[in-house]
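Trainee: Please walk me through the helix packing and ring pairing in this structure.

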Amino acid sequence: MDCIRIGALLASLRREKGMTQRAVASLLGVSDKAVSKWECGMGCPDLSLLPDLSRIFGVNIGDILSGELPSNEKVGGNMKKIEFYRCAGCGNLITATGGAEISCCGRRLERMMPATPREEHLISAEMVEDEWFVTVRHPMTKQHYITALALVTADRLLLTKLYPEQEAQARFKRCGKGTIYALCSEHGLFALPVR
């Protein structure tokens with residue numbers, strides 16, 4: 001372990017949170033001298049303290065041990081770069097508008113890559129008045145169903161959560177060209193550009 005890099009990161013995170021060494025020490029049940037020693041690179045925190053440091057500073061244990069936080073390219077929340085993540089454990093659906101490190105239920109989630117719809121995942125988008133009427137001809141059983149439909153445009157995300165007892169359909173107000181996404185509980189993410 002590189003105690004100098006770890007210490008510099010801990011000092012930076014502490015200042016970012018507006019905390020004193022004494023406050024961090026109190027939360028960890030150690031002396032403020034121990035925290036000072038770590039921040040000066042003259043030692044590293046005990047491994048048993050890493051989960052508490054991770055919780056206090058809101059960073060991953062792996063990032064603490066590496067002594068640096070990963071950074072993303074500044075994209076300013078560009079909706080064209082939206083990413084979808086789904087937890088296999090609880091089914092949680094998470095989106096990000098740029099590179100992100102996402103975890104849920106103790107698992108690191110991988111970005112879902114949209115595929116072109118085929119057969120039972122064909123997405124139909126029909127304009128009805130000023131709305132997109134989106135349907136997917138897909139079975140909606142408790143084990144295998146379309147869990148969500150979404151419309152992403154240059155400035156917004158419109159999302160409809162679906163359940164097995166419903167039809168695989170949704171209405172979205174037309175707000176410019178974009179992409180419609182369908183998320184299948186078994187086969188992942190499918191995309192259809194619309195104008």
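Predicted model: local features only at pLDDT ≥ 70, side-chain atom pairs only at ≥ 80, totals over all residues.

Trainee: Which term describes how α2 and α4 lie to each other, parallel or oblique?

Mentor: Helix α2 spans residues 21-28 and helix α4 residues 50-57. Their axes are 10 Å apart and pack at an angle of about 130°. Angles over 145 degrees would count as roughly antiparallel. The two helices, α2 and α4, are therefore oblique.

Trainee: How many residues in the contact of α2 with α4 are charged?

Mentor: From α2 come Val24, Leu27 and Leu28. Helix α4 supplies Asp52, Leu53, Ile56 and Phe57. Six of the contact residues are nonpolar and none is polar. The charged count is one.

Trainee: Where do α2 and α3 fall, oblique or roughly perpendicular?

Mentor: Helix α3 covers residues 32-39. Its axis comes within 8 Å of that of α2, and the two cross at roughly 115°. The range 65 to 115 degrees counts as roughly perpendicular. So α2 and α3 are roughly perpendicular.

Trainee: What is the handedness of the crossing of α2 and α3, and how many of their contact residues are charged?

Mentor: The crossing is right-handed. On α2, the contact uses Gln21, Arg22, Val24, Ala25 and Leu28. On α3, it uses Asp32, Val35, Ser36, Trp38 and Glu39. Five of these residues are nonpolar, two polar, and the charged number three.

Trainee: Why is the ring pair of phenylalanine 84 and tyrosine 181 called tilted, and at what angle are the planes?

Mentor: The count comes to one aromatic pair. Its ring centres are 4.8 Å apart. Stacked planes would be under 30 degrees apart and edge-to-face ones over 60. The pair is tilted because its planes are at 50°.

Trainee: How many residues separate phenylalanine 84 and tyrosine 181?

Mentor: Phenylalanine 84 sits in strand β1, residues 83-86. Tyrosine 181 is in strand β10, residues 178-184. The pair links distant parts of the chain, with a separation in residues of 97.

Notes:
Residues numbered from 1 in each chain as written. Heavy atoms only, no water. Axes fitted to C-alpha atoms, helices over the stretch in contact; angles between N-to-C directions. Helix = DSSP H or I, 4+ residues; strand = E, 2+ residues; numbered from the N terminus. Parallel < 35°, antiparallel > 145°, perpendicular 65-115°, else oblique. Contact = heavy atoms within 4.5 Å. Nonpolar A, V, L, I, M, F, W, Y, C, P; charged D, E, K, R; others polar. Phe/Tyr/Trp six-rings, centres within 6.5 Å; stacked < 30°, edge-to-face > 60°. Left-handed = near helix turned anticlockwise from the far one by under 90°.
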